[in-house]
Amino acid sequence: PGSAVHLALAGSHLYVADHEGGLRVISVANPAQLQEIASLTSPGPARGVAVRGDYAFIAAEEAGLWIVKVQNPAAPLHTATVDTPDRARKVALQGDYAFVADGESGLQVVSVVDPAGAHLLGEGFNTIGDAAGVAVTADYAYVADGDAGLAVIDVTNPEFPGIVGSLPLAGRTV
């Protein structure tokens, strides 16, 4: 019913951010016969998804970061919501943190040590553009920042991220 915009593979399950369709869980145990085994309506358009262990983290636009327990992929269960300042568009996981590309508020960092008690850390980092995507290494977050291009942010201290550099790109990075 939605529009598949992002996905994450965990074991034999594919988790699909299906925009207006929320979270979809697809069994890929037999790639020739894909089977949807569950779905869960999100409180906002599901734009990004990342999975670690028993949890899926969904960037759900105005609804923020939506955390779903997927210990049993056939029965996903909403666990927590972290309200981000703008529109959560994509999410990446690194260590005990979820890094959220949050539109006009830039990069937001969420502690997910305890997914049920997940919470924003500090003020995040307000990028110049409109944060639409994020990839993270141990030390850096790379943010697709709309018309501003690419921003590189030092996240060695996730409570106080800081800009390292940027690169304007010809065209939009969304």
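## Arg-87 and its partners

Arg-87 and Asp-130 are both buried (buried means under 20% relative accessible area, exposed over 50%, partly exposed in between, with a 1.4 Å probe and protein chains only). Their side chains meet in a salt bridge, at 3.4 Å from N to O; that term stands for a side-chain nitrogen of Lys or Arg within 4 Å of a carboxyl oxygen of Asp or Glu. The pair ties together distant parts of the chain, 43 residues apart: Arg-87 is in the loop between strand 8 (77–82) and strand 9 (90–94), and Asp-130 in the loop between strand 12 (119–125) and strand 13 (133–136). Strands (E, at least two residues) and helices (H or I, at least four) are DSSP runs, numbered from the N terminus.

Arg-87 also forms a salt bridge with Asp-86, with the closest N and O atoms 3.2 Å apart. Asp-86 is buried as well.

## About the model

What you're looking at is a predicted model, where local features need pLDDT of at least 70, side-chain atom pairs count only at pLDDT 80 or more, and totals for chains, interfaces and linings use all residues. Residues are numbered from 1 along each chain as its sequence is written, and side-chain values use heavy atoms, with hydrogens and water left out.

The structure holds 7 salt bridges. Another one joins Glu-61 to Arg-47, with 2.5 Å between the closest N and O atoms. Here too, distant parts of the chain are linked: Glu-61 is in the loop between strand 6 (55–59) and strand 7 (65–69), while Arg-47, 14 residues away, is in the loop between strand 4 (35–40) and strand 5 (48–52). Both Glu-61 and Arg-47 are buried.

## A look at Ser-42

Ser-42 is in the loop between strand 4 and strand 5. Its relative accessible area is 11%, so Ser-42 counts as buried. The Ser-42 side chain reaches the backbone oxygen of Gly-44 at 2.5 Å. Leaving aside residues up to four places away in sequence, Ser-42 touches His-19, Gly-22 and Trp-66 (contact means heavy atoms within 4.5 Å).

## Ala-98 and its neighbours

Which residues does Ala-98 touch, not counting those up to four places away in sequence? They are Leu-65, Val-91, Ala-92, Leu-93, Gln-108, Val-109, Val-110 and Val-112.

Methods
A polar contact is a pair of N or O atoms within 3.5 Å; within protein, one must be able to donate a hydrogen and the other to accept it, and residues adjacent in sequence count only if both atoms are side-chain atoms.
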